[in-house]
Amino acid sequence: EVTVHRGLPALTGAELKESVTRQLTTRDVRPAIGFASEGSVLPAHLTNGIPITAINVKEVNIDFHRLDQKHIADFTRHLSESYQNRFYRYDQLRGWGKLAYSGRFDLNPPDNTLVKQSIPVEDIPELQEPGFYVAVMDEAGDYDYRRYVTYFVVTDIGLHARQYPGELVVLASSLADGAALDGISIAIMDAQGNVVQERETS
């Protein structure tokens, strides 16, 4: 419903004498989905899930791949080298790890309204193991080429790094209570995923 109020001036200087109200019918917005982040850290038992945006999409299918440590650098390298950080090498994900879980999730947003929702993953047993995960999403029942990708890390370890001339200081703490963590192995890797240095917190 659109209302044009009286007194609205025209270019000629004339004014609208009476208010006018009309009903307009617009086209439905084209269905669309996407992840609302380019990567997330999901502290164990302290997360609201993976944020996504959706409009006029009722259900989505999501595959969750858990990557082997040696292939994390492969994924992030291909992601950074692609156009607008988009990932297209879906066929390589199985070779880089394992398919941990596949599921269909109900969204049911209001018609023609863009909403942000969280996909609950904290109660899925297959996704509770600490590690690096890649999520691949598409609209349920949609068979075109479009896929949407994000990654997330399930961990209770938070890292704070500070670089000084000649050294790098890394602190490890619990994301649950902030306590310092001893005995955590920290590795520095190059762009090819090779370990350059490895140390243990104390």
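Buried means under 20% relative accessible area, exposed over 50%, and partly exposed in between (1.4 Å probe, protein chains only). This is a predicted model, in which local features need pLDDT of at least 70 and side-chain atom pairs count only at pLDDT 80 or more, while totals for chains, interfaces and linings use all residues. Residues are numbered from 1 along each chain as its sequence is written, and side-chain values use heavy atoms, with hydrogens and water left out.

Select F64: its relative accessible area is 0%, so it is buried.

F64 belongs to strand β6 and F105 to strand β7, so the pair joins parts 41 residues apart in sequence (strands are DSSP runs of E, at least two residues, and helices runs of H or I, at least four, numbered from the N terminus).

Next, show the whole cluster: ring pairs link F64, Y101, F105, Y133 and F152. Within it, Y101 is partly exposed, at 25% relative accessible area.

Zoom out to the protein chain, which has two helices and 14 strands. Its C-alpha atoms fill a box of roughly 80 × 45 × 35 Å along the principal axes. Colour by burial to finish: buried residues make up 31% of the 202 residues.

Technical notes:
Rings of Phe, Tyr and Trp (its six-membered ring) pair if their centres lie within 6.5 Å; planes under 30 degrees apart count as stacked, over 60 as edge-to-face and the rest as tilted.
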